[in-house]
Amino acid sequence: MEYLLILNYESDAERKRIDYTIERWRNRVSIRKPKGAVVVLKGSESEFSDFIEDLFSRLELEPNESPEGKVEVYLLEKYKPVVEKKVRRLSYESTESLEIVRKFLDYLMAKLNASYEYSSGISKVYTAYTKKGQARIDVRIEKGEVTKITILIEGYGEVVDFLAGKVDYEIKTFLGRS
Amino acid sequence: MIFKEGNIDCVEKLKRPAEKVLKIGEAVKYDPFERRVGLWNEIRENYDRYLDGECGSFLSDLDNHFRSQFETALLVLAASFRENGEEFKPAERFSDKEIEAYKRIERYNVFEILSIDDVMRKLVSKDDELLGLFRDYYVYMDKWVDKILDDPSLKLPVRFYLKRKWESYKGKLNEAVSIAIVELDWFRKLISQWEREAESLAEKKVEEFAAGITAKAEAEVARAVEEERRKVEEEAKRIESLKEEIVKKEEEVKAKEDELKVKEEEVRKVIEELRGIKEKVEKGSRFVDVGRARNYEMNFIGRIEHKLGKEVEIFGKTFKVEGVREGKEVNTSRFIGMKSRWGVLTEKDVKNLPENRYIVARLVEKKLLGGKRSYILKAIFVSRVDRYVEYGFDIDPLELKDINVYVVDARDEAKQKNETVVLCLASPTGFEDAVGEHVSSEEFHRNFLSRYLSVCLVDLETGKLIYNPHDSVAKEFARICEIEIDEEKKSRVRKCVDGMMEGRDWMTLSDALKCGDEVIVRAAFYELAEERKWKVKYVEGVGLVLMK
């Protein structure tokens, strides 16, 4: 099977990350980035036929070169890959004050290279960037007899478990349980 | 009210991490990554809280000031991540230009800690670092900052912060300069040198600008050239289309030539056929269409009427014209609505048909005494009307059977009235030779012609008259029957047609029309045909053709 992916990116850094992902997969699957212009044409067979005829007339060809050598044509079918979002929920309780727990969690997020995105009132939302990808981290602290900590990690692929492992380890260390 | 409803303590608290970063400045890059990420998060969170109105709202100048501090603190951290080559995606919110502007202005942050006395002391000791800042300030920095502060691609709070900073540095710079140029002679010279440098830089900029304009002009020229090229291409296209048109026209001409060739072939076939037939072929030797026949008729009748007048001279004697009567042999109105090969005949079509009109007159000798001689003149236009009705034209000369009826009737009338009848028969298609031979023969003279009857035949196309040479009456009356043709003109046209036939086997009537009026050309055709033993033939699709 061959799949055509159109990857839209917003910044050079995002493009680099895409390139890096492609590089990492080069030894595992046959993957290539087409060099020429990639065009997705939506139209009837006759419209496509007219287009390709016009296109062939514009190509610069050597005397014995055929246009087919320059143009690869694939019949596309929309494909929605089933990729499930992973969610890991971690809950802890601490006897430490809310302020100390909050400071620790701020520190933990910075340590995980997680940047503050916004606050929803009861929780703060961060995005963590790792070499295994990025994930959303929802941090919630509730004050009661004990201070309750709830961490929700959402993302795709191994980054979720990777971050969950790190968070779990750090919080448990903080709580003196590890 | 300075603070509107805002809580300044609250803001001070929220701003604390941002102020800390601004205070540290670029040196924050030496802090650990996690610490800077922590600061980033803290500033972001506090900034959010401030924007959410946690501390209330402030007058715009103050609000701008607070926001500029949050934003620039984040910029300082972003600059640190970038400079350390650390990947921290949120730092991408600041462009390279914003970071560069901050760094350039921050080069002057030494003025935040130096007093004027400190600056003067450093100048006296010719501190390279400080002199470098003064030089850059004079040569380009001030203008560059002005430009950058006007650049909308930089975030407004960042520009607000940089403007304030620069103004504070600039104030101290100017103050130090005003003292130094008085106290330090060399510094004054240095300032002049920097000013010249600034001028030359400005000139260079102008040149670059001019070069830009030249480039623009060149681009304009290129555009004009492109436009010209486009016009030339359009012209070429137009020429191409003209060429196509010419080719089309050539094809049309060729088609016409082919058509002519077909006609030529047709004529050749007829010539070959004619050459193959030994006997005389007169059928189809004429071509007179309905309109022309009608014209001949009207002219003939009109002319006879005119010539007769009231008196006429015959054999040198005056004859009175009496009882002139005009009539027609054929009532053509019955042909209205008739289907023919040239369409259904309308009233107008029918009016164009010949009616075989005639004029009958009695000519009585004018004398007082003795017996008066008299003649009955019957001038009749004779045509095969049915042919004109059916085909719209006739191509055959009249045959004996066509005229016999008139001859017989005239003879009977003459006998009955005991008077000489002079029959003048005019044909638009002429007469077969047999008719002429018959009329001229002894036999005809003996059997028909007597003192009662004289016959004169008129070929309306050639003007040729046929009568029996032994019939003196017919000869005399021929003057009245004949049609008048300008002999001089006729001779000129004949000569022309004859000349055109040189080296040719045949010629169409339409070709020969170059020689003159159709009536005379036709006459010339028939005369030449008779004299040279050529032939005149009507060929379908071609018309009348004179053939050798």
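Read along the sequence, chain A of this predicted model follows the pattern α-α-β-α-β-β-β-β-α. That chain has 4 helices and 5 strands.

**Chain A**

- Chain A has 178 residues, and 14% of them count as buried.
- Take the contacts in chain A between residues at least 6 apart in sequence: 49% of these join residues at least 24 apart.

**Where the chains touch**

- Chain A gives 13 residues to the contact and chain B gives 15 residues.

**Helix H4 of chain B and its partner H8**

- Two packed helices are described by the angle between their axes and the distance between the axes.
- In chain B, helix H4 (residues 96-106) packs with helix H8 (residues 156-183) at an angle of about 15°, and their axes are 10 Å apart.
- Angles under 35 degrees count as roughly parallel, and H4(B) and H8(B) are therefore roughly parallel to each other.
- The crossing in which H4(B) passes H8(B) is left-handed.
- From H4(B), the residues that meet the other helix are Glu98(B), Ala101(B), Tyr102(B) and Ile105(B). From H8(B), they are Val158(B), Leu162(B), Lys165(B) and Trp166(B).
- Sorted by class, this contact of H4(B) with H8(B) has 6 nonpolar residues, 2 charged residues and no polar ones.

**The two sides of H4(B)**

- Glu98(B), Ala101(B), Tyr102(B) and Ile105(B) are the buried residues of H4(B).
- These buried residues fall within an arc of 95° when seen down the axis of H4(B), so they line one face of the helix.
- An α-helix has 3.6 residues a turn, so residues three or four places apart point the same way.
- Asp96(B) and Glu100(B), on the other side of H4(B), are exposed.
- Besides H8 of chain B, the buried residues of H4(B) pack against helix H3 (60-84) and helix H7 (128-149) of that chain.

**Helix H16 of chain B**

- Helix H16 (residues 472-481) of chain B has these buried residues: Val473(B), Ala474(B), Phe477(B), Ile480(B) and Cys481(B).
- Down the axis of H16(B), the buried residues are seen to fall within an arc of 95°, so they line one face of this helix.
- One helix of chain B, H10 (290-308), is among the elements that the buried residues of H16(B) pack against.
- Strands of chain B that they pack against include S2 (311-314), S7 (374-381) and S9 (420-427), as well as S10 (453-459) and S11 (465-467).

- Most residues other than glycine have a negative phi.
- Phe315(B) has a phi near 50°, which is a positive value in a residue other than glycine.
- The loop that holds Phe315(B) lies between S2 and strand S3 (317-328) of chain B.
- Phe315(B) has 10 C-beta neighbours inside 10 Å and so counts as exposed, since the cut-off for exposed is 12 or fewer.
- For Lys533(B), phi is near 65°, again a positive value in a residue other than glycine.
- Lys533(B) is placed in the loop between helix H19 (518-532) and strand S13 (535-539) of chain B.
- With 8 C-beta neighbours inside 10 Å, Lys533(B) also counts as exposed.

Terms used:
Residues are numbered from 1 along each chain as its sequence is written. Chains are lettered from A and ligands numbered from 1 in the order in which they are written. This is a predicted model: local features need pLDDT of at least 70, side-chain atom pairs count only at pLDDT 80 or more; totals for chains, interfaces and linings use all residues. Axes are lines fitted to C-alpha atoms, for helices over the stretch in contact, and angles run from 0 to 180 degrees between N-to-C directions. Angles under 35 degrees count as roughly parallel, over 145 as roughly antiparallel, 65 to 115 as roughly perpendicular and the rest as oblique. A crossing is left-handed if the near helix is turned anticlockwise from the far one by less than a right angle, and right-handed if clockwise. Two residues are in contact if their C-beta atoms, placed from the backbone, lie within 7 Å. Ala, Val, Leu, Ile, Met, Phe, Trp, Tyr, Cys and Pro count as nonpolar, Asp, Glu, Lys and Arg as charged, and the others, Gly among them, as polar. A residue is buried if 20 or more other C-beta atoms lie within 10 Å of its own, exposed if 12 or fewer, and partly exposed in between; C-beta atoms are placed from the backbone. The arc is that of the directions from the helix axis to the C-beta atoms.
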